[in-house]
Amino acid sequence: MEKRQNYSRKREAIYQAICSTKIHPTADWIYQTLKPVYPDLSLGTVYRNINRFKEEGSIISVGVVNGQDRLDGNITPHAHFICKVCGSVIDVNCDNVAEDKSLDLGIGKKYQCQVDFHDLVFHGTCAHCL
């Protein structure tokens with residue numbers, strides 16, 4: 001019974017680590033952050049739980065940046081900016097373009113398909129790197 005409880009606490013800690021930051025963390029960042037609190041935590045446990053959260057829809061993947069999947073606990077429709085220099089991922093508020101259903105309908109009509117949702121990502125150089 002104790003093992004189940006520890007697993008549940010770790011799972012909750014992983015989820016909270018993702019949701020409590022705006023840096024769009026990687027699995028490695030989550031692991032390094034939680035390892036001092038959970039010495040028996042494995043990177044495999046982190047990855048398994050990330051996959052579970054993505055399947056459940058409780059987190060999203062912003063995409064792979066510098067070889068690592070970047071995660072977001074904010075699942076409301078919004079856009080992102082990814083810096084090509086430092087790899088930072090920034091939430092972007094762009095007047096509801098990220099949640100514009102007419103864009104989905106327009107693409108669906110043009111290509112005769114059904115669009116369920118879209119992701120909007122801007123790429124460039126952030127203010128810090130300029």
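Exposed means over 50% relative accessible area. At 62%, valine 64 is therefore exposed. The legends below all refer to a predicted model.

**View 1**
The predicted chain holds 4 helices and 5 strands. Read along the sequence, their order is α-α-α-β-β-β-β-α-β. The C-alpha atoms fill a box of roughly 55 × 40 × 25 Å along the principal axes. Of the 130 residues, 33% are buried. Contacts between residues at least 6 apart in sequence were also sorted by separation, and 44% of them join residues at least 24 apart.

**View 1. Helix 2 packs against helix 3.**
Two packed helices are described by the angle between their axes and the distance between the axes. Here the pair is helix 2, residues 27–34, and helix 3, residues 43–56. Their angle is about 125°, and their axes lie 9 Å apart. That angle makes helix 2 oblique to helix 3. The crossing of the two helices is right-handed.

**View 2. Residues at the contact of helix 2 and helix 3.**
Helix 2 brings Ala27, Asp28, Ile30 and Tyr31 to the contact. Helix 3 meets them with Leu43, Val46, Tyr47 and Ile50. By class, the residues of this contact are 7 nonpolar, no polar and 1 charged.

**View 3. The buried face of helix 2.**
Which residues of helix 2 are buried? They are Ala27, Ile30, Tyr31 and Leu34. Seen down the helix axis, these buried residues fall within an arc of 100°, so they line one face of helix 2. An α-helix has 3.6 residues a turn, so residues three or four places apart point the same way.

Histidine 24 sits in the loop between helix 1, residues 2–19, and helix 2. Its phi is near 55°. That is a positive value in a residue other than glycine. Is histidine 24 buried or exposed? With a relative accessible area of 2%, histidine 24 is buried, because buried means under 20%.

Glutamine 112 lies in the loop between helix 4, residues 101–111, and strand 5, residues 121–124. Its phi is near 50°. Again the value is positive and the residue is not glycine. Glutamine 112 counts as exposed, at 76% relative accessibility. Histidine 24, by contrast, is buried.

**View 4. Valine 37, in the loop between helix 2 and helix 3.**
Valine 37 belongs to the loop that joins helix 2 and helix 3. With a relative accessible area of 57%, valine 37 is exposed. Asparagine 93 is 56 residues away in sequence. In space, the two C-alpha atoms are 34 Å apart.

**View 5. Valine 64, in strand 1.**
Valine 64 has its place in strand 1, residues 60–65. Its relative accessible area of 62% makes valine 64 exposed. Threonine 26 is 38 residues from valine 64 in sequence. From C-alpha to C-alpha, valine 64 and threonine 26 are 9.4 Å apart.

**View 6. Glycine 124 and its contacts.**
Glycine 124 is placed in strand 5. Its relative accessible area is 14%, so glycine 124 is buried. What does glycine 124 touch, not counting residues up to four places away in sequence? The answer is Phe81, Ile82, Cys83 and Lys84. The C-alpha atoms of glycine 124 and isoleucine 82 are separated by 6.5 Å. Along the chain, these two residues are 42 residues apart.

Definitions and conventions:
Residues numbered from 1 in each chain as written. Predicted model: local features only at pLDDT ≥ 70, side-chain atom pairs only at ≥ 80, totals over all residues. Heavy atoms only, no water. Axes fitted to C-alpha atoms, helices over the stretch in contact; angles between N-to-C directions. Parallel < 35°, antiparallel > 145°, perpendicular 65-115°, else oblique. Left-handed = near helix turned anticlockwise from the far one by under 90°. Contact = heavy atoms within 4.5 Å. Nonpolar A, V, L, I, M, F, W, Y, C, P; charged D, E, K, R; others polar. Buried < 20%, exposed > 50% of the residue type's maximum accessible area, 1.4 Å probe, protein only. Arc of directions from axis to C-beta.
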